[in-house]
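Hi,

Here is the structure I promised to pass on to you. My notes on it follow below, with the cut-offs spelled out as they come up.

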Amino acid sequence: MLTAILNDPNASRSFGNLYSKTRQLENRMYSDIEVKELPDISPDHPHAAEWFTRKKSFQKLAQKLRQLPSPVNILEIGCGNGWLSHRLSSIPAANVTGIDVNTAELEQAKRLFENEHCRFIACDAHKLSMSLTFDVIIFAASIQYFSTLTEILDACLAITNPGGTIHIIDSFFYRPEEVMAAKLRTIKYYHSLGMPAMAEHYFHHTYDELKSYNPVFLPRDNFVSGIFNRSLFPWIMIKKAYKGS
């Protein structure tokens with residue numbers, strides 16, 4: 001059984017409520033009909049371009065995970081409405097667990113997608129203690145909500161099987177000199193939504209923070225002639241070494 005120790009349950013619920021309200025203001029709370037079709041969405045939707053990018057990310061990630069020996073146990077941290085966990089559960093012999101603190105979307109995920117190969121659990125990933133380990137852990141557009149990158153990555157590596165991998169997709173990373181301007185943009189954005197407190201929960205991680213993990217930058221559309229375009233989302237893979245390797 002998978003369990004989680006919450007660092008501060010009240011704080012977790014507070015963030016979940018704040019995040020849910022922000023998602024509503026951003027037109028990111030989708031109907032059941034829409035969620036069932038994700039990452040496909042109407043070209044008229046205000047976030048259609050974003051979903052085009054996320055569809056490409058999903059396709060490349062799924063293609064890579066299909067190459068792994070089966071069975072494969074996958075954890076998605078920050079699964080939201082569950083569309084990605086659901087899609088990945090169609091990989092042969094895959095078992096997917098999605099976790100999140102946004103209970104509104106998580107209940108939607110359970111209602112639409114939960115089955116013997118795909119389950120959803122409400123918990124805070126900041127302080128995880130799990131009796132299960134995983135072959136793959138995924139952060140899809142969610143790593144920016146963790147204040148300390150090393151803390152969450154170390155916690156994930158502790159529950160990753162030897163040879164297993166962590167994948168970070170659909171999130172920006174920055175050079176150190178870019179962080180201040182990015183923070184100011186974030187503050188301005190959330191103030192414009194009328195949700196200024198949300199800026200305190202959005203964190204701007206740098207490439208330098210990843211160095212000690214020997215990250216691999218996997219190829220995707222924002223690689224041109226082997227040169228990484230930092231203005232677009234990277235696909236970052238961190239591998240847990242086998243003992244003695």
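Arg28 is buried, since its relative accessible area is 15% (buried means under 20% relative accessible area, exposed over 50%, and partly exposed in between, with a 1.4 Å probe and protein chains only). Its side chain meets that of Glu26 in a salt bridge, 3.2 Å from N to O; a salt bridge here is a side-chain nitrogen of Lys or Arg within 4 Å of a carboxyl oxygen of Asp or Glu. Glu26 counts as buried too, at 12% relative accessibility. Glu26 and Arg28 are also linked with Glu50 in a network of salt bridges.

Before going on, a word on conventions: this is a predicted model, in which local features need pLDDT of at least 70 and side-chain atom pairs count only at pLDDT 80 or more, while totals for chains, interfaces and linings use all residues. Residues are numbered from 1 along each chain as its sequence is written, and side-chain values use heavy atoms, with hydrogens and water left out.

**More salt bridges**

The count comes to 10 salt bridges. One of them joins Asp32 to Arg111, with the closest N and O atoms 2.6 Å apart. This pair links distant parts of the chain, as Asp32 is in helix H2 and Arg111 in helix H5, 79 residues apart. (Helices, H or I with at least four residues, and strands, E with at least two, are DSSP runs numbered from the N terminus.) Asp32 is partly exposed at 26% relative accessibility, whereas Arg111 is exposed, with a relative accessible area of 53%.

Lys55 and Asp40 form another salt bridge, their closest N and O atoms being 2.7 Å apart. Lys55 lies in helix H3 and Asp40 in the loop between H2 and H3, so the pair ties together parts that are 15 residues apart in sequence. Both count as partly exposed, Lys55 at 27% and Asp40 at 37%.

Leaving aside neighbours within four places in sequence, Asp32 is in contact (heavy atoms within 4.5 Å) with Gln108, Arg111 and Leu112. The C-alpha atoms of Asp32 and Ala109 are separated by 9.1 Å, although these residues are 77 apart along the chain. Gln108 is found in helix H5 and is buried, with a relative accessible area of 7%.

**Cores**

The largest nonpolar core has 30 residues, and those with the most contacts inside it are Leu61, Leu65, Ile74, Leu84, Leu88, Phe120 and Ile138. (A core is a set of buried Ala, Val, Leu, Ile, Met, Phe, Trp, Tyr and Cys residues joined through side-chain atoms within 4.5 Å.) Several elements each supply at least two residues of this core, among them H3 (48-65), S1 (72-77) and H4 (83-88). H3 gives the largest share, 5 residues. A second, separate core of 24 residues includes Cys123, Phe146, Leu157 and Leu210. Beyond its neighbours within four places in sequence, Leu84 is in contact with Phe58, Glu76, Ile138 and Ala140.

**Aromatic pairs**

A search of the whole structure finds 14 aromatic pairs. Rings of Phe, Tyr and Trp (its six-membered ring) pair if their centres lie within 6.5 Å; planes under 30 degrees apart count as stacked, over 60 as edge-to-face and the rest as tilted. Phe173 and Tyr207 form a tilted pair, 5.8 Å centre to centre with 45° between the planes. Phe173 sits in the loop between S5 (160-169) and H7 (179-193) and Tyr207 in the loop between H7 and S6 (216-217), so the pair ties together parts that are 34 residues apart in sequence. Both Phe173 and Tyr207 are buried. Tyr207 also makes a tilted pair with Phe217, with ring centres 5.8 Å apart and planes at 45°. Phe217 counts as partly exposed at 32% relative accessibility. Elsewhere, ring pairs link Phe15, Tyr19, Tyr145, Tyr189, Tyr190 and Tyr202 into a cluster.

**Overall**

The protein has 7 helices and 9 strands, and buried residues make up 46% of its 245 residues. Of the contacts with a separation of 6 or more, 68% are between residues 24 or more positions apart.

Best wishes
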